[in-house]
Amino acid sequence: MSIDLKNVDYVYDSGEPFEYFALRGISLHIDDGAFVGIVGRTGSGKSTLVEHLNGLLFSTRGDVIVDDEIVSNQRAVLAKVRRRVGIVFQYPEDQFFAETIFEEIAFGCRNYGFSKEQVDESVHKAMSIVGLDPERFLPLSPFQLSGGEQRRVAIASVIAMGQKYIVLDEPTAGLDSGSKLAVLAELESLRQTANVTVILVSHNMDEVAEFCKQVIVLDEGTVAFQGSTDAFFRDADLVDRTGLELPESYRLARALKDCGSTLTVNECSTGRMLDSLRLCVSEQGGA
Amino acid sequence: MIRLDKVSYQIETSAGAVQVLRDIDLELPDGSISAIVGPNGSGKSTLARLVSGLLRPTSGSVHLLSGIGSLVVTDVRPGLDVGLVFQNPDNQLVATTVEDDIAFGLENLELPHAEMVQRVGDALHLLGLEQFRDYPPHRLSGGQKQKVAIAGVLAMKPSFLILDEATSLLDPTNRREVMQTVLRLNHELGIGIIMVTHLLDEVLVASRVGVLTNGQLAAWDSPRAIFSNPVVVKEGDLVLPLSTRASFLMQERWTDFPLCLTPEEFARAACQLI
């Protein structure tokens, strides 16, 4: 099972004088159970791409296929696709409307026709996944929470519906560093325990390097790279050409290499970088 | 210079009074670059609004100290002395063209027409927005919009500019561009900069960093001093730069290895060592 795009174009104002290709010939493949990053500068087509994944937009040409289902505007197909793909938009807490956190999270589940018991169970489960104590928080108003807590409630309201693909558009923008890591670690554990596929749209290259094994890089509506995140960040020229920046760990490895240090560490994400450096230091110490 | 003396701020809620900030003493010299960091809910944005004069402290005072020779102490006039730029530019752009948007604040100052035209022209030039003069702001990219918002604030000729997470919605390229512009304004015009931020790059360009925790100023020091103080790092919920963590690792073996803040600094130190 997977999400596949085959030669997808999306054209705004097609046939009009202001015709504009937001996506051009996009072909990509997202495996079941992966943690995938989607990166690219502003205007590269990230949001337009994401909105194709659950039928908020339909391709002008080419197919979007979710688990063998070609996304189209037929009612039955859309219902199926939206049961599988959930999207957390930027600043999801701006869309809060309910009086209690329970009602906020239960809303989507009820729309999918969950029974009362299923709603109850899903809401509790989603709250514990995002690390909020259900007993304490569920009766509160979502508007009483801090920014970090609000973001988690918003993510819980999508997780509760139990979709197997979850797309998050900048879920950590504006969060403090502690909340950032907590939210991403929760998504990683959800991926591991429930085999949920996580698709993360982000401008933060450090978090992409740390959490996403695969990355899709968009540039002017086309796929500039897809494959291992590590391979992408090792290609500093490509990173620069696509308007992105190297994560700190890759910058560190390059800087060491450039000045000819005998401390040679592989370019990799932050956690592994420190381990590799520790090993290197102890070897040097023995010499 | 902006001086805060024993500034406290509380809000009344249905559950009683909530103390947002408590006894903040702070001096922000003219032309300095400062950063304010701290966890969500620690009072950063409230502090930014107090410094800019948008909010009045419940107790204590916020004053602008100016004048050469004899010191003049005045209240901070929001917009005029201190300009504030917020996170989301869409929330602060109001007009149908870039030019009108930049002129919006000036129109309230009853300036002569020629002076207004001059100031709008200068602001467009400073931010490199001349080509977008007649553009509708909503057609611009996020970084361009944020520059329009900064231009509108600059046209008021403030002596300080506060950026409240003003780059957190931008992509790396736009973020770098906005930051370079801000640093240039500081360098060329001597405008004081205060950044409320979660981003490491922005903390590192500041000469002074204030760490807020639970409404109190836990530290006010250089970035290097802040990152070498484990208590402050923990309380402020700061993530240490990787290069700093790597430096600590090196210090376990080479005790005099310096504390580094950037990869380049670390690499230099590592090369000298071996």
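1. A residue is taken as buried if 20 or more other C-beta atoms lie within 10 Å of its own, as exposed if 12 or fewer do, and as partly exposed in between, with C-beta atoms placed from the backbone. L184(A) is buried because it has 23 C-beta neighbours inside 10 Å.

2. The model is predicted: local features need pLDDT of at least 70 and side-chain atom pairs count only at pLDDT 80 or more, whereas totals for chains, interfaces and linings use all residues. Residues are numbered from 1 along each chain as its sequence is written, and chains are lettered from A and ligands numbered from 1 in the order in which they are written.

3. L184(A) belongs to helix α7 of chain A, residues 177-194; helices (H or I, at least four residues) and strands (E, at least two) are DSSP runs numbered from the N terminus. Leaving aside residues up to four places away in sequence, L184(A) touches T172(A), E207(A) and F211(A); contact requires C-beta atoms, placed from the backbone, within 7 Å. E121(A) is 63 residues from L184(A) in sequence, and their C-alpha atoms are 23 Å apart.

4. In chain A, an open sheet of four strands has the order β2-β1-β4-β5 with antiparallel pairing; strands pair if DSSP finds at least two bridges between them. β2 (20-31) and β5 (69-70) of chain A are at the edges with a single partner strand each, so one side of each has no neighbour in the sheet. Strands β1 (residues 2-12) and β4 (residues 61-66) of chain A run antiparallel and are joined by five bridges. L5(A) stands opposite V64(A) in β4(A).

5. The assignment for chain A, automatic or from a database, gives domain 1 (33-58 + 76-229) and domain 2 (247-287). Their centres, taken over C-alpha atoms, are separated by 34 Å. Four residues from domain 1 of chain A and six residues from domain 2 of chain A make the contact.

6. Between the chains, 37 residues of chain A are in contact with 34 residues of chain B. On the chain A side, α6 (147-159), α7, α11 (248-258) and α12 (270-286) each supply at least two residues. The largest share, eight residues, comes from α12(A).

7. For chain B, UniProt lists "domain: ABC transporter" at residues 2-239, in an unreviewed entry; positions follow the numbering used here, feature names are shortened, and annotations may be inferred rather than shown by experiment. The span 2-239 of chain B is 32% helix and 29% strand, and its end C-alpha atoms lie 29 Å apart.

Note on methods
Two residues are in contact if their C-beta atoms, placed from the backbone, lie within 7 Å.
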